[in-house]
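Reader: I have a new model open and would like some practice in reading it. Could you walk me through a few features?

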Amino acid sequence: MAKEVDGEPNGCTFLWKIENINHCWLEMKEPIESPPFIADALEGTKWSLRLYPMGLTDKNYVCFDILRKRKCNGPEDIRINFQLVALDKDELYLTERTATKCDFKKSVGKGYPTFESREKIFITEREAFLPDDTLTLQCTIWNEGQKPVNPKYLYARTVFKVNRRSFVWKIDNFSALTSGMNNKFKDDLIEFDFDIKEGLDLEKKLVVKNISYDESLKYISFTVNVIDSEKKKKILGSQEYFADDLKEGVLPTLLNLKTLLENKRLYFPDDVLHLDCEYTYSNGDILFEHCGSRIIFQNKKNDGTECSSENNINQKESLNAAELVKDLKSICNNAIFSDSELRTSTQTFPTHMAILSARSPVFKSMFSHDMKEKNRRHVDITDLDDETIHQMLLYIYMNSVEAQQLESVSKLYVAADKYQILSLKSKCASFLKENLCPTKACEVLLLADLHSDKDLKSFVNDYILKHDKEVFGSQEWKDFMDTNLKLAADIMYSKVYPC
């Protein structure tokens, strides 16, 4: 058994999350390498993990190994034991490999070329291995006896950049259109050309064509939704283009509007068509990496092998936590024993005062003091839409965020600030930073200013100065100067007189 000396770490457990892994676009023998980490208990040696998504020696298998860094403390040779694991969303083992008494020189990597089949990870058991398109890997290293009883816990994130954008195209007097009505939308690396065409059958069709893009892009997708008179979205069509498709050139895509014309009152109020156009693209670049310490339970194992009593207890705690989330989701969705409501002008959400109060000091104040909400057992909300409240409740009950569009996350940010759900506000702010683009910078800057978020405001300020040509040359910036002159002046001042 590994020895523990005065509570000092006697090993190292490193957890690594790779987000948006389906957008890494690597070839065979090309690895994703984790941020480096230092194992203090192993003479301060420095290590990193490597994953070969397309395989190292066999394209049917993912390779996973550990590398001792060249610039590294400690002896020239060191003998260690190591365990490599793929984890599910609850950090339970999916695939596990252990190697003992392995000698590592500097710049030497060792691991498993056939760690797990690509088909299993990316297709047949994708839901288990890649929740939210995130692969979670773990490595534990130690240098004597059995696995360490007191390892130092570290974690890292590698996030591949995925750009998600959207815009609304309003088409007036639709019935009078013949052909040639078009709208172009341009971003940093891509340009779309949307046309309305009238065919020989006199039916109007939406044509997505002339998609020009930077040669570095490896993936493009777009979805066109129609917004009906009730502000609900209906998917009109979607298309994906992968690396091989892009090499051959993007062909025009026809989206038939016939089904919409059969219900003009719903889809063409006042003869106006509203199209919500969403698109995603990526070039395989890493958005950012982060490494730090973490506090977690001991390793949780579900493969039937014997564990220590402490590990069994912690595994049960993790399983119980997952069950708790599942039960809370059921309570939320099925309104079991609800004792309060959140109400908008169009929808009522059954809730539980105890849960709302535990998660939000604002709700706690409403239900604790002699306020109308306590007596009536409902809260009227007039400044948030139904979807935003639904997303807020998902987080309150399950600590989950499903919103993925900048517009919806901005609304969720406003709700989190209003009800002082600080952890949710922080998550939304992180998303806004990661998905910032020149056409949305003014919008996020104004949001940060309205909610006195100095950190987010400073980030957007720096982003605008870094992308000044794109931002200052945009129509959004011109409109922003008309309505928010002081904020615009502050940006320009910081450009002329940087701190």
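**A buried loop residue, a core and a helix pair**

Author: Gladly! Let's start with Ser360, which is buried, with a relative accessible area of 0%. Do keep in mind that this is a predicted model.

Reader: Where does Ser360 lie?

Author: Ser360 sits in the loop between helix H7 (353–359) and helix H8 (361–368). Leaving aside neighbours within four places in sequence, Ser360 is in contact with Tyr419 and Ile421. The C-alpha atoms of Ser360 and Leu422 are 8.7 Å from each other, although 62 residues separate them along the chain.

Reader: Which residues have the most contacts inside the largest nonpolar core?

Author: They are Leu342, Phe363, Met392 and Tyr419, in a core of 50 residues. Helix H10 (residues 386–398) supplies the largest share of this core, eight residues. Take Met392: beyond its neighbours within four places in sequence, Met392 touches Leu342, Phe363, Leu412, Ala415, Tyr419 and Ile421. Another core, of 37 residues, lies apart from that one and includes Ile32, Leu49, Ile78 and Cys102.

Reader: And how do I read a pair of packed helices?

Author: Two packed helices are described by the angle between their axes and the distance between the axes. Here, helix H13 (residues 441–450) packs against helix H14 (residues 454–466) at about 155 degrees, with the axes 8 Å apart. An angle over 145 degrees counts as roughly antiparallel, so H13 and H14 are roughly antiparallel to each other. Their crossing is left-handed.

Reader: Which residues in H13 and H14 meet?

Author: Ala441, Val444, Leu445, Ala448 and Asp449 in H13 meet Leu456, Lys457, Val460, Tyr463 and Ile464 in H14. Of the residues in this contact, eight are nonpolar, two are charged and none is polar.

Key. Residues numbered from 1 in each chain as written. Predicted model: local features only at pLDDT ≥ 70, side-chain atom pairs only at ≥ 80, totals over all residues. Heavy atoms only, no water. Axes fitted to C-alpha atoms, helices over the stretch in contact; angles between N-to-C directions. Helix = DSSP H or I, 4+ residues; strand = E, 2+ residues; numbered from the N terminus. Parallel < 35°, antiparallel > 145°, perpendicular 65-115°, else oblique. Left-handed = near helix turned anticlockwise from the far one by under 90°. Contact = heavy atoms within 4.5 Å. Nonpolar A, V, L, I, M, F, W, Y, C, P; charged D, E, K, R; others polar. Core = buried A, V, L, I, M, F, W, Y, C linked by side-chain atoms within 4.5 Å. Buried < 20%, exposed > 50% of the residue type's maximum accessible area, 1.4 Å probe, protein only.
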